Amino acid sequence: AVVLSGNNLTGSYTSKVFDAGDVSVWNDLSYVSNIPNVEFLFATDNQADMWKSVDLGVSWSLIKDDYNNGDNNGGTEMVKNSSGNLFILFNQDVWVSNDKGIIWAKVNDDYNGAEGQNGYVLGIDNDNNLIVIEGDQDVWKSTDSGASFTKVSTDFNGGNGNIFGIAVNSSNVVFVVDGAADVWKSSDSGSTWILVKDDYNGANGNDANDMVVDSDNNLYILNVQDVFKSTD
């Protein structure tokens, strides 16, 4: 077998089972290959370093020191598209990596032009549209992997506070949670929004740190040290 692993990606191979004693031609070759079933976790820290874990977060390895090459330190949010490309929103810039976080390029410098608001959350829907919601609760969408953005909604929650979490379910519905502990949803990639839950935590403070969705479309909100779950 020829095993491609680690740095063993090129070289010469001499068959151990075929020796004709003369120059020969193989007219029919076949191969069997597979991709290892490995789950990766990626994280970026406030030094703009990229980290990777292959054991569900138990141990981490540094894969990129300063992904944005000194263009400030930090990262607001990171998402992955269906091709495995990683995107980082940082203030008003969008960065992309096509090789699992090793090499990064700024795909958009100041996604909202001269408006000046920083993005708070970055989401990606099932059509690979990037969705940014910024400090004035305007919603921006990119259909070309971050190269350009269009404002699709203005102050969608009516001054209800900043957005602190975003998630997209299997039906391509976008959910967000805001600073008033309200949950909103959009079925058209952020153009129109509906309030689906006023005060999700029953007046247990107006806090939310993040939101995720699982494979069964259950929603989870991290609220300081509490976790809230919705099955509907």
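Modeller: Happy to; we can go through the strands, then the aromatic pairs, then some single residues.

Colleague: What sort of model is it, and how are residues numbered?

Modeller: This is a predicted model, so numbering runs from 1 along each chain as its sequence is written, local features need pLDDT of at least 70, and side-chain atom pairs count only at pLDDT 80 or more, while totals for chains, interfaces and linings use all residues. Side-chain values use heavy atoms, leaving out hydrogens and water.

Colleague: Great. In what order do the strands of the open sheet come?

Modeller: The order is S8-S9-S10-S11, four strands with antiparallel pairing. Strands here are DSSP runs of E with at least two residues, numbered from the N terminus, and two of them pair if DSSP finds at least two bridges between them.

Colleague: Which are the edge strands?

Modeller: S8 (119–124) and S11 (150–153), each of which pairs on one side only. Neighbouring strands in this sheet are turned by 30° against each other on average, direction ignored. That angle is taken between lines fitted to C-alpha atoms, on a scale from 0 to 180 degrees between N-to-C directions.

Colleague: How many bridges hold S10 and S11 together?

Modeller: Three, with S10 covering residues 139–142 and the two strands antiparallel. Lys141 has Thr150 in S11 as its bridge partner.

Colleague: Let's move to S13. Is that strand mostly covered or mostly open?

Modeller: Mostly covered: five of the five residues in S13 (174–178) are buried. Buried means under 20% relative accessible area, exposed means over 50%, and partly exposed is in between, with a 1.4 Å probe and protein chains only.

Colleague: Which residues sit on each face?

Modeller: Val174, Val176 and Asp178 are on one side of S13, and Phe175 and Val177 are on the other. In a regular strand, side chains alternate between the two faces of the sheet.

Colleague: What does S13 pair with?

Modeller: S12 (163–168) is joined to S13 by five bridges, and S14 (183–186) by four bridges, antiparallel in both cases. Gly165 has Val177 as its bridge partner, while Val176 stands opposite Trp184 in S14.

Colleague: What about the turns of those hairpins?

Modeller: S12 and S13 have five residues between them, and Asn172 in that turn has a positive phi of about 65°. The hairpin of S13 and S14 has four residues between its strands, and Ala181 in that turn has a positive phi of about 65°.

Colleague: Changing topic: how many aromatic pairs are there?

Modeller: Nine. The rule takes rings of Phe, Tyr and Trp (its six-membered ring) with centres within 6.5 Å; planes under 30 degrees apart are stacked, over 60 edge-to-face, and the rest tilted.

Colleague: Why is the pair of Phe156 and Trp184 called edge-to-face?

Modeller: Because their planes are at 85°, with the ring centres 5.7 Å apart. Phe156 is in the loop between S11 and S12 and Trp184 is in S14, 28 residues apart. Phe156 and Trp184 are both buried.

Colleague: And how do Tyr200 and Phe228 sit?

Modeller: Their centres are 5.3 Å apart and their planes at 90°, so that pair is edge-to-face. Tyr200 is buried at 13% relative accessible area, whereas Phe228 is partly exposed at 23%.

Colleague: Which residues form an aromatic cluster?

Modeller: Tyr67, Trp95 and Trp104 form one.

Colleague: Now Asp182: where is it, and what does its side chain touch?

Modeller: Asp182 is in the loop between S13 and S14. Its side chain makes a polar contact with that of Asn160 at 2.7 Å. A polar contact is a pair of N or O atoms within 3.5 Å; within protein, one must be able to donate a hydrogen and the other to accept it, and residues adjacent in sequence count only if both atoms are side-chain atoms.

Colleague: Last one: is Asn69 buried or exposed?

Modeller: Asn69 is exposed, at 59% relative accessible area. Its phi is positive, near 55°, and Asn69 is in the loop between S3 (61–64) and S4 (77–80).
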